[in-house]
Amino acid sequence: MGKGFYLKNLDVEAYRAIKAIAARRGVPVYKVINEALALYVNLYDSLAAETEEEANNRVYESLMGDPRYKGKWVAIAKGKLIAVTESWDEAVKALRRFLLREKASHGIVSRVSEEVEEVEILGSSMEML
């Protein structure tokens with residue numbers, strides 16, 4: 001026999017709806033609640049997980065407006081600022097060195113400005129670095 005739990009402050013209408021679903025399906029209420037909890041966990045995990053691209057973009061956007069980085073070239077991968085350089089070539093070299101040590105699926109080499117420039121980099125571009 002499994003462990004039991006006492007849950008207080010449940011929404012009465014939601015519980016009634018779950019109870020009705022269980023009755024229509026001919027299963028105990030706990031099975032429907034367990035399924036609902038498992039679905040919520042899977043949904044939450046998929047929504048909460050930040051992709052590498054999103055992490056890199058978040059880092060880049062955080063650099064904008066900071067006078068220390070304005071006009072500098074930056075290399076970003078795995079949600080980290082890898083290098084701040086004076087030239088594109090130096091930033092690419094820094095990203096290459098990083099990629100030799102770490103596996104990354106997305107990276108950014110860009111000059112920090114006040115406006116975000118839309119640039120699309122194909123997935124295979126990382127392999128060319």
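Analyst: Let's begin with what a helix is here: a DSSP run of at least four residues, numbered from the N terminus. Keep in mind that this is a predicted model. With that idea of a helix, look at α4, residues 88-101: four residues of a positive surface patch come from there, the largest share of that patch.

User: Which residues gather in that patch of positive charge on the surface?

Analyst: The patch brings together Lys80, Lys93, Arg96, Arg97 and Arg101.

User: Okay, and how many helices and strands does the protein chain have?

Analyst: Count five helices and three strands. Walk along the sequence and the order reads α-α-α-β-β-α-β-α.

User: Now the inside. How much of the protein chain counts as buried?

Analyst: For a residue, buried means under 20% relative accessible area. In this case 24% of the 129 residues count as buried.

User: And what is a nonpolar core?

Analyst: Think of buried nonpolar residues joined through side-chain atoms within 4.5 Å. The largest one here has ten residues, including Trp73, Leu95, Phe98 and Leu99. Two elements, β1 (73-77) and α4, each give two or more residues to this core. Helix α4 supplies the largest share, five residues. There's another core apart from it, with nine residues, among them Tyr60, Leu63, Met64 and Tyr69.

User: Let's do salt bridges. What should I look for?

Analyst: Look for a side-chain nitrogen of Lys or Arg within 4 Å of a carboxyl oxygen of Asp or Glu. Searching the whole structure turns up five salt bridges.

User: Are Arg16 and Glu13 buried or exposed?

Analyst: Exposed: Arg16 has a relative accessible area of 53%, and Glu13 is also listed at 53%.

User: Which residue forms a salt bridge with Glu35?

Analyst: That's Arg25, and the closest N and O atoms are 2.7 Å apart. Glu35 belongs to helix α2 (residues 29-48) and Arg25 to helix α1, so the pair ties together parts ten residues apart in sequence. As for accessibility, Glu35 is partly exposed at 36%, and Arg25 is partly exposed at 45%.

User: And what about Glu86: which residue does Glu86 form a salt bridge with?

Analyst: Its partner is Lys72, with the closest N and O atoms 2.3 Å apart. This pair links distant parts of the chain, 14 residues apart: Glu86 is in the loop between β2 (80-85) and α4, while Lys72 is in the loop between α3 (52-63) and β1.

User: How do I tell whether Glu86 is buried or exposed?

Analyst: Check the relative accessible area: over 50% means exposed. Glu86 has 55%, so Glu86 is exposed. Lys72, at 24%, counts as partly exposed.

Key:
Residues numbered from 1 in each chain as written. Predicted model: local features only at pLDDT ≥ 70, side-chain atom pairs only at ≥ 80, totals over all residues. Heavy atoms only, no water. Patch = residues over 30% accessible without salt bridge, like charges linked within 9 Å, V, L, I, M, F, W, Y side chains within 5 Å. Areas by Shrake-Rupley, 256 points an atom, 1.4 Å probe, with all protein chains shown as cover. Lys, Arg positive; Asp, Glu negative; His and termini not counted. Charge placed at Lys NZ, Arg CZ, Asp CG, Glu CD. Buried < 20%, exposed > 50% of the residue type's maximum accessible area, 1.4 Å probe, protein only.
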